Amino acid sequence: MPVEFVKEKYNGAINTIEIGNGAKCVKIGGETTLPFLFEEGAMPNQPVIALEVLDTESPDQAIACGGRLLCVRLASIHPDNGNRPADEVIASLGLIFKKCGLPLIIVGCGDAEKDNEVLPKVSQAFKGENFLFGIATQNNYKTLAATCLADGHSIVAESPIDINIAKQLNILITDMGFDPARIVMHPTTTSLGYGMEYVYSIMERGRLAAFLGDKMLSMPFVLFVGQEVWKTKEAKDSIAQGVNWEIATAVSMLQAGGDLIIMRDPAAAKSVMKYIEMVMKK
Amino acid sequence: MALSGLDIYKLLPKTNCKECGFATCLAFAMALAQKKVSLDKCPKVTATAREALESASQPPIKLVTIGKGEDKLEIGNETVMYRHEQKFFHPAGIGCLVEDTLSDNELTARVAKINALTFERVGQKIGVSLICIKNSSGDKTKFVNAVKKVASGSNLNLALYSGNPEAVKESLTIIKDRRPLIICADKAKTDDLARLAKEFSAPLAITAASLDEAAELTDKVKKLGVDEIMIDLKTDDVSKRIQDFTFMRRLALKKNFRLLGYPVLAFTGSNTPDLELAEAVSYVAKYAGLVIVKNIEKEFIFPLLVVRQDIYQDPQKPVQVEPKIYEIGKVTKDSPVLVTTNFSITYFTVACEVESSKVPTYIICCDSEGMSVLTAWAAEKFTAEKIANLLKTSGITEMVGHRKIVIPGYVSVLSGKLEEVSGWKVAVGPREASGIPNYLRSYK
Ligand code: SF4
């Protein structure tokens, strides 16, 4: 009995963002369908897993994992966590970059004042490398957006599980002259079991709006899964369970439309990379 | 999918004979669409029209019940593609595979391990729903023995996975009051198994290689008198399966396509636990009604169950805990008092950090309608007045000798006002719950 399918065809598409230069350049986004529905649209770039390291950590284990991007969190610049000055951070980042040879995602410490002081200097030091910098929020985006614009980097725009704020922030940043195709959205990350479903649904709603033509929601999604998962009791209780917790959260986020997933545990990251290979095989 | 008045009108005799009490067939059709009258009022309606109308009033995805009693598994009857449109109603079952090739000891041990897979999380009990016994041996006696052993060793719902009608029949005779799911492992035996499903009034899962074939088989099985049907698609390709599950749900919901309007069943195909987990999570997120897994380790099943809990959470109703005083540890008159909201995730995160601090502590949950601290504060559900009122009415004044309360760091702005209206001293705690153990250990 031949079944007549109902296929969803959308006019909109997610922006494609390039991170890095030359042969090492990584593309994310570009899809015209909800995740992995290859009979309805395309996912020209497969979702990317990037390991996260702190600026004071050795990146060796993360590099060995085989990701195509590396995320460095500048935790040490926080006033309560060492208050490390910009030039020291830039030196560490330089070493990490040299060692891994991968385009970097550089994320501040979360203290607005300190981030605004350090990130512009870091951005300048890597001018033209086409990195991804974060994190811009509704209350603190101007400094970072201006510096990324000047130095040719892309930016992570974060909203608090709120599709309207996500859109608003994208508008604010593009109003500064920023290319919309250089913005990656962070809808906020929550771990499995800690409100993950809110993020899941916000992403689905955003995606559907983008496919229906909303250009200010057509940015790829980044999720910082690792740092959220390893804060939970379930992960702290048992490493084996934590690894699975990270896998399950990452996969759920991929099923909701995640394009770039930042992870902490190398084993979990490798598993999710294998999963992506498996589902992308057509 | 509900029919419109006009759709119904087309099916009526269009004679305007008025016997239904309405002036015209159209008027009757309109009233019927609004469910104001019943179709019985029209004595002239043809049998075909009746059938069409009745089937349109059925839910687009059939509700299937496996098992009996309190812990029976009900799946299907879903109404939306995306959970934000309303919610997903019937949480997918997680089943564990038991093969009849295991030795008696292995089987007993495996069943005992599966029985233990229940957990408590955010105040809810969660656990696996079913054991699926697979006739991997191909042998009838082995299968029946395994079924006997599993049935006597576990109260979980059961599924019989075999292509041998005799083996299934004998098993059904033994466990008929458990109302197991029959999973047809051999397409050629679909008819025989359908007859058994009818005889024992058990639900039946058909196995098909494609959606075309699935529609053919459900049609056939339905005509043999089986109502509760599930669909298992045989493909090793995970994204193809997700695509097909999506097609099925969409056809059922948007086109009222009956032949695929049944819950789907998915066996994991991956051979390593990590990929199996990733695969199972994908099926839970994307429309499976029952996922059957091979791995039964606790640290594998628990996150999978929590994924299901998250995905099937009602988006309109955050899980809440009762707004009251909670005592963590052996509290005394001098124990610290923390206040937070009654969003369950907020409360359980705080409670778990307090526990790990080993400092006996009172936690007062303020009724914030299930919002987290910052959201509740922004929505004025977590205000100085509300907290002050709670301090007065909750009974905490009799439980402690001091008058000092700790509020979450995110709402430090409340402290001045709260001191003023409550008369309590206010201390500002950490922003993130993870800071609580350090905070409490040095708390004075
Ligand atoms: S009884 Fe039936 S045929 Fe007669 S008017 Fe009513 S709906 Fe029409």
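## Chain contacts and salt bridges in a predicted two-chain model

Visitor: Which residue does B:Glu297 meet in a salt bridge?

Guide: This is a predicted model, in which local features need pLDDT of at least 70, side-chain atom pairs count only at pLDDT 80 or more, and totals for chains, interfaces and linings use all residues. Side-chain values use heavy atoms, without hydrogens and water. A salt bridge here is a side-chain nitrogen of Lys or Arg within 4 Å of a carboxyl oxygen of Asp or Glu. At 2.7 Å, N to O, the partner of B:Glu297 is B:Lys113.

Visitor: How many residues apart in sequence are the parts that B:Glu297 and B:Lys113 tie together?

Guide: Helices (H or I, at least four residues) and strands (E, at least two) are DSSP runs, numbered from the N terminus. B:Glu297 sits in the loop between β12 (288–293) and α11 of chain B. B:Lys113 belongs to helix α4 (residues 104–115) of chain B, so the pair ties together parts whose separation in sequence is 184 residues.

Visitor: What is the relative accessible area of B:Lys113?

Guide: Buried means under 20% relative accessible area, exposed over 50%, and partly exposed in between (1.4 Å probe, protein chains only). B:Glu297 is partly exposed at 32%. B:Lys113 is partly exposed too, and its relative accessible area is 35%.

Visitor: How many salt bridges does a search of the whole structure find?

Guide: Side chains of opposite charge can pair when their charged atoms come close. Across the interface of chain B and chain A, the rule finds six salt bridges. Over all chains, the search of the whole structure gives 35.

Visitor: Which residue of chain B meets A:Glu8 in a salt bridge?

Guide: This pair joins a side chain of chain A to one of chain B. The N to O distance is 3.6 Å, and the partner is B:Arg250.

Visitor: Which element gives the most to the side of chain B that touches chain A?

Guide: The rule also finds 18 residue pairs in polar contact across this interface, both residues at pLDDT 80 or more. A polar contact is a pair of N or O atoms within 3.5 Å; within protein, one must be able to donate a hydrogen and the other to accept it, and residues adjacent in sequence count only if both atoms are side-chain atoms. Elements that give two or more residues to this side of chain B include α8 (211–223), α10 (273–285) and α12 (344–357). With 10 residues, the element that gives the most is α9(B).

Visitor: What area is buried between chain B and chain A?

Guide: Taking contact as heavy atoms within 4.5 Å, 49 residues of chain B are in contact with 46 residues of chain A. Buried area is the accessible area (1.4 Å probe) that two parts lose on being put together, summed over both. Carbon and sulfur atoms give 63% of it, and the total is about 4,300 Å².

Visitor: Is A:Asp214 buried or exposed?

Guide: A:Asp214 forms a salt bridge with A:Lys167, with the closest N and O atoms 2.8 Å apart. A:Lys167 is in helix α5 (residues 163–175) of chain A, and A:Asp214 is in the loop between α6 (196–211) and β9 (222–224), 47 residues apart. A:Lys167 is partly exposed at 29% relative accessibility. At 19%, A:Asp214 counts as buried.

Visitor: What is the relative accessible area of A:Glu228?

Guide: The side chains of A:Glu228 and A:Lys231 meet in a salt bridge of 3.2 Å, N to O. A:Lys231 is partly exposed at 36%. A:Glu228 is buried, with a relative accessible area of 19%.

Visitor: What separates the centres of domain 2 and domain 3 of chain B?

Guide: The bounds come from an automatic or database domain assignment. It divides chain B into domain 1 (5–57), domain 2 (64–311) and domain 3 (325–441). Taken over C-alpha atoms, the centres of domain 2 and domain 3 are separated by 45 Å.

Visitor: Why does B:Ser162 count as buried?

Guide: B:Ser162 is in strand β7 (residues 157–162) of chain B. Leaving aside neighbours within four places in sequence, B:Ser162 is in contact with residues including B:Asn135, B:Phe143 and B:Leu193. B:Ser162 counts as buried because its relative accessible area is 1%.

Technical notes: Residues are numbered from 1 along each chain as its sequence is written. Chains are lettered from A and ligands numbered from 1 in the order in which they are written.
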